[in-house]
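Please keep the sequence and the model in view while reading.

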Amino acid sequence: MVNTLGRLNHVGVATPSIGDSIAFYRDVMGATTIHAAFDLPVQGVRVCFVDMPNTQIELIEPLGEDSPIAAFIAKNPAGGQHHLCYEVPDIEEALAWFRAKGARVLGEPRTGAHGTPIFFVHPRDMGGVLTEIMETPREQH
């Protein structure tokens, strides 16, 4: 049974403009590996991963007014930290563990931007931080 979170996979950063955020991470923060942005219509977002030495930054831009990120951007027009994502070896086991602890899981597991199953846990049950739980990609097991 899961009793600890795994590796920090990424920090999700909501942004009104992935293009502007890419320029910031490249020009100000010195990022040298920035992956191509892509749309994730099922989740209503455009995503771009920026590699850092010890994790990734996931830039998240709303695809439209119905995007779950749109409300965050409306409250935080410049964008900002949206969530932390931790890896687990087995998503179903982690889901059962969080639910058994009484944590509020937001929706059912779905495929995330890395192509692996994910779910989110409500910030009120995670020390005030929206937390994404992601099954470790197979090539990293």
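What covers the buried residues of H2? In this predicted model, the cover of those residues includes strands E1 (8-14), E3 (45-51), E4 (56-62) and E5 (80-88). Helix H2 itself runs over residues 68-75, and Ile69, Ala70 and Ile73 are its buried residues. Viewed down the axis of H2, the buried residues fall within an arc of 110°, so they line one face of the helix. Pro68, Ala74 and Lys75, by contrast, lie on the other side of H2 and are exposed. At the start of H2, a side-chain oxygen of serine 67 comes to within 3.1 Å of the backbone nitrogen of isoleucine 69, a residue that is also among the buried ones of H2.

The nonpolar cores can be set out as follows.

| Core | Number of residues | Residues included |
|---|---|---|
| Largest nonpolar core | twelve residues | including Val88, Trp97, Phe119 and Ile133 |
| Second, separate core | eleven residues | including Val13, Ile22, Ile57 and Leu84 |

Among the other members of the largest core are Ile91, Leu95, Phe98, Val121 and Met126. Helix H3 (91-100) and strand E7 (117-121) each supply at least two residues of this core, and the largest share, five residues, comes from H3. Valine 88, leaving aside residues up to four places away in sequence, touches Ala94, Ile133, Met134, Glu135 and Thr136.

As for annotation, an unreviewed UniProt entry lists residues 7-136 as "domain: VOC". Over that range the chain is 22% helix and 38% strand, with the end C-alpha atoms 9 Å apart.

Methods:
Residues are numbered from 1 along each chain as its sequence is written. This is a predicted model: local features need pLDDT of at least 70, side-chain atom pairs count only at pLDDT 80 or more; totals for chains, interfaces and linings use all residues. Side-chain values use heavy atoms; hydrogens and water are left out. UniProt positions are given in the numbering used here, feature names are shortened, and annotations may be inferred rather than shown by experiment. Helices (H or I, at least four residues) and strands (E, at least two) are DSSP runs, numbered from the N terminus. Buried means under 20% relative accessible area, exposed over 50%, partly exposed in between (1.4 Å probe, protein chains only). The arc is that of the directions from the helix axis to the C-beta atoms. Contact means heavy atoms within 4.5 Å. A polar contact is a pair of N or O atoms within 3.5 Å; within protein, one must be able to donate a hydrogen and the other to accept it, and residues adjacent in sequence count only if both atoms are side-chain atoms. A nonpolar core is a set of buried Ala, Val, Leu, Ile, Met, Phe, Trp, Tyr and Cys residues joined through side-chain atoms within 4.5 Å.
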